[in-house]
Amino acid sequence: MNKKLPAIPPSIFSVMSKMAANYNAINLSQGFPNFKSDPQLIKLVSKAMMAGHNQYAPMAGDVQLREVICNKMERLYRAKYVPATDIVITAGATQAIFTAIAATISKGDEVIIFTPAYDCYLPTVALFGGNVIALQLQAPHYTPDWEEVKRVITTKTRMIIINSPHNPSGMLFSESDMEQLQEISEVHDLIVISDEVYEHIIFDDEIHQSVARFPDLAKRSFITASFGKTFHNTGWKMGYCLGPQELMDEFKKVHQYNVFCVNHPFQKGLATYLQEEKTYLGLGAFYQQKRDFFLDAIRDSRFKFIPSKGTYFQLLDFSEISQESDIVFTEMLTKKHGLATIPISVFNKDKLDKKQLRVCFAKTEETLQAAANILNSL
């Protein structure tokens, strides 16, 4: 059989979550909350089901939901997106990223990504015949080197993929970063995918520098986002993609044949729920409290860390505890101590091992304290 992705292993999230289940370990590996969604949102979705919104939604998504999102983008970022042409509701952000790549990347095209990178980027580019050019962000601050970006661009370079707030490091792209990206993408006529699924989870009074804030960059960019990350319901697989009509027309050509449309009553419920800004604007403070609780709980451990600036992930450096590989260390931590985490090397260029692991702090305080007790014992 001709295999299109012969070198792609199972996702590390699947591997570690399975290991966590097998060893009855606390699971801080996969990025999902272990607390409930807002009952009001559940009620709105149930109401939509009872009202009969159980057949296909419009291909691009519920009209009211598209309007609400576009209004949100204008209020937050002063960016005008047209609900009829510039947005598609998707089956999560991963499907949005997949579809954007599928619609624009052909055999031989080069796509620049920054590692450590979310693990869906590379295989999707490879699936459509593209070549990934990986640029390693350097620990511990993980800031991009734009001179390096300029050096690797060739006549085959078609796209740059960015992610801010950044998974797994928790860093943020600055205003200067975005201005340099805007200049580079204009000079070389590049498409940008901006993975902004954690846009509302930002700490310490930092500001999310969305692509949408930069008009010349926005006109050549897809923005992908996730309701699952925002509203504690990752199992719903609900997201969206925004972009200029020229790009979104191509996006829709793929979307209509691999998904067509997504869950209708969920869209109806979200369209109403999003009209209250407090449903998403309070997330930064909510998760900052969890971050601070967790970091305070491990303050006296032998792990080193720089507090995450965004997302609900935190990197921990275990180099003062062990010189084993991060994969061996996380396996030991799961099997022997009952705590599942993620080794960062699997996301890095050439599997670079900086003795770091990623934990998810989107958990109850009880779970975070139990995890902290294990980490403090090492």
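User: Arg75: buried, partly exposed or exposed?
Analyst: Arg75 counts as partly exposed, at 43% relative accessibility. Buried means under 20% relative accessible area, exposed over 50%, and partly exposed in between, with a 1.4 Å probe and protein chains only. This is a predicted model: local features need pLDDT of at least 70 and side-chain atom pairs pLDDT 80 or more, while totals for chains, interfaces and linings use all residues. Residues are numbered from 1 along each chain as its sequence is written, and side-chain values use heavy atoms, leaving out hydrogens and water.

User: Which residue does Arg75 form a salt bridge with?
Analyst: Glu277. The closest N and O atoms are 2.4 Å apart. A salt bridge here is a side-chain nitrogen of Lys or Arg within 4 Å of a carboxyl oxygen of Asp or Glu.

User: Which parts does that pair tie together?
Analyst: Arg75 lies in helix α3, and Glu277 in the loop between α11 and α12 (278–281), so the pair ties together parts 202 residues apart in sequence. Helices (H or I, at least four residues) and strands (E, at least two) are DSSP runs, numbered from the N terminus. Glu277 is partly exposed too, with a relative accessible area of 31%.

User: How many salt bridges in the structure?
Analyst: Eleven. One of them joins Asp62 and Lys268, with the closest N and O atoms 2.9 Å apart. That pair also links distant parts of the chain, 206 residues apart. Asp62 sits in the loop between α2 (39–50) and α3 (63–77), and Lys268 in helix α11 (residues 264–273).

User: And Asp62, buried or exposed?
Analyst: Asp62 is buried, with a relative accessible area of 4%. Lys268 is partly exposed, at 22%.

User: What does Lys355 meet in a salt bridge?
Analyst: Asp353, at 3.4 Å, N to O. Lys355 counts as buried at 14% relative accessibility. Asp353 counts as partly exposed at 25%.

User: Which residues are linked in a network?
Analyst: Asp204, Arg291 and Asp292 are linked by salt bridges.

User: Switching to cavities. How many of 30 Å³ or more?
Analyst: Two. On a 1 Å grid over the protein atoms alone, a cavity is a set of points where a 1.4 Å probe fits but cannot get out. Lining residues have an atom within 4 Å of a point. Points are joined across faces, edges and corners, and a volume is the space filled by probe spheres set on them.

User: How much space lies in the largest cavity?
Analyst: About 80 Å³. Its lining has 13 residues, and Lys72, Glu199, His200, Thr230 and Tyr240 lie nearest the centre. β7 (221–226) and α9 (227–230) each supply at least two lining residues.

User: How does that lining divide into nonpolar, polar and charged?
Analyst: Seven nonpolar, three polar and three charged. Ala, Val, Leu, Ile, Met, Phe, Trp, Tyr, Cys and Pro count as nonpolar, Asp, Glu, Lys and Arg as charged, and the others, Gly among them, as polar.

User: What lines the second largest cavity?
Analyst: The lining includes Phe114, Tyr121, Ile162 and Phe173. It divides into seven nonpolar, two polar and no charged residues. Strand β5 (residues 157–163) gives the largest share, three residues. The space is about 40 Å³.

User: How much space lies in the second largest pocket?
Analyst: About 410 Å³. Of its 25 lining residues, Pro140, His141, Tyr142, Ser169 and Ile306 are the closest to its centre. A pocket is an open set of points with protein on both sides within 12 Å along at least five of seven lines. By class, the lining has ten nonpolar, eight polar and seven charged residues.

User: Which strand gives the most to that lining?
Analyst: β9 (residues 313–317), with four residues.

User: In what order do the strands of the open sheet run, β9 included?
Analyst: β9-β12-β11, with antiparallel pairing. Strands pair if DSSP finds at least two bridges between them. β9 and β11 (342–343) stand at the edges with a single partner strand each, so one side of each has no neighbour in the sheet. Five bridges join β9 to β12 (residues 356–360). Among the pairs, Asp317 partners Gln356 in β12.

User: In what sense do β3 and β4 pair, parallel or antiparallel?
Analyst: Parallel, over six bridges. β3 covers residues 110–115 and β4 residues 131–136. Ile113 stands opposite Ala134 in β4. The chain crosses from β3 through helix α5 (residues 121–127) to β4 in a right-handed β-α-β crossover. Right-handed means that, with the strands pointing away from the viewer, the path from the first strand over the helix to the second runs clockwise.
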